[in-house]
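Visitor: I have a model open and would like to talk through its fold. Can we go piece by piece?

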Amino acid sequence: MGIEPNYLKRRDVESLRAVEAAFRAGPLAESLASAPDIERRRGLSREEFDSEYRAKGRPVVLEGYAARWPSVRTWSFDSLAERCGAVPVVVDSYSSKAARSTTFGEFVTLLKESAGTGAPPIYLQEWYYKTTAPELADDMPELEIAQYDFRRNLYGDAGSTNHQLWLGQKGGITRLHQDSYSVDVLHAQIVGEKLWYIMGPDSELLPGPDGQLDVRALLDSPATQLTRFVLRPGDVLYLPAWWFHRIELLSDSIGLGRKALDEANLRLHVRQRIGELLALALNPDELRRTHSELFDVVMARGRALAHQMDIDLSRLRQ
């Protein structure tokens, strides 16, 4: 198999760093400030959402869509620490060197103690809270616009609500990526604000004739559709499958990552899921070497899904 030419789709450490560097300096960094805002709607019905955005694959921010959620109205880092302080979590799981196990209460303490010290921001990524703190689920009701999610037909009701909380410190970064498994992104902002940059699914960052990344070609291509916007408490983002996105935390932040599988993407979703499971089962050592930053994260995703589906990973069927 050849090397992926598009740097935006690569997952090796060196390529991830090269793309992140482009966001921090050079033509791409200069273009971010003038990138257009995303379309924003308020009071959108489920039928309008389906016909105007989901059917057309158009991103949109639904302003205030989750504003009445108990989590949006009452949550803070301190209040969550009081409720689930002893719950085990893995902090900075997206970095194989920085990842460490702790409790949620200790995570909040670390976040407070490191504020303003110049230390790298602390991030609790992809917390599958339903496996360790399921009582929090009542504070985040199901989204009416997400009822098209075909995952419940594949994995059952519990597996289809295997959502994640993202809790991080001001300055935290989630590097540019596409979400796995051909699912749509529905992200509800609960506490704080996040700055998002998105690019269309056909965006390409390729080496130029001199071997350097041709950022200018990326910016000049109509397929890139570079957009920036801020997500605020109560807002819900709809981002169709395969759109690239990068997030910066403008303040200490809590958000809910809720995925949804459009039936139109079912075949590719299943193929990707099976391919990943086979790779993990048959070639784990090579995957850990080539994708060291993501290996443990992918394993955690699988374990969380198995837990929600009541699958015993210690046994094989006879």
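Visitor: Which strands does helix α6 lie across, and at about what angle to β5 does it run?
Guide: Helix α6 (residues 104–114) lies across β5 and β6 and runs at about 145 degrees to β5. This is a predicted model, where local features need pLDDT of at least 70, side-chain atom pairs count only at pLDDT 80 or more, and totals for chains, interfaces and linings use all residues. Residues are numbered from 1 along each chain as its sequence is written, and side-chain values use heavy atoms, with hydrogens and water left out.

Visitor: How are helices and strands assigned?
Guide: They are DSSP runs numbered from the N terminus: H or I of at least four residues for helices, E of at least two for strands. Axes are lines fitted to C-alpha atoms, for helices over the stretch in contact, and angles run from 0 to 180 degrees between N-to-C directions.

Visitor: How do the axes of α5 and α6 cross?
Guide: The axes of α5 (residues 77–84) and α6 come within 8 Å and cross at roughly 155 degrees. That makes α5 roughly antiparallel to α6 (angles over 145 degrees).

Visitor: Which residues of α5 and α6 meet?
Guide: Phe-77, Asp-78, Leu-80, Ala-81 and Cys-84 of α5 meet Phe-104, Gly-105, Phe-107, Val-108, Leu-111 and Lys-112 of α6; contact means heavy atoms within 4.5 Å.

Visitor: Back to the sheet. What is the strand order?
Guide: The order is β1-β2-β11-β8-β13-β6-β5, an open sheet of 7 strands with mixed pairing. Two strands pair if DSSP finds at least two bridges between them. β1 (40–41) and β5 (123–127) are the edge strands, each pairing on one side only.

Visitor: And how many bridges join β6 to β13?
Guide: 5 bridges join β6 (residues 164–168) to β13 (residues 253–260), and the two run antiparallel. Leu-167 is opposite Ile-254 of β13.

Visitor: Why is β12 called largely enclosed?
Guide: Because 5 of its 6 residues are buried. β12 pairs antiparallel with β7 over 3 bridges, and with β9 over 6 bridges, also antiparallel. Ile-173 has Glu-248 as its bridge partner in β12, while Met-199 is opposite Phe-244.

Notes: Angles under 35 degrees count as roughly parallel, over 145 as roughly antiparallel, 65 to 115 as roughly perpendicular and the rest as oblique. Buried means under 20% relative accessible area, exposed over 50%, partly exposed in between (1.4 Å probe, protein chains only).
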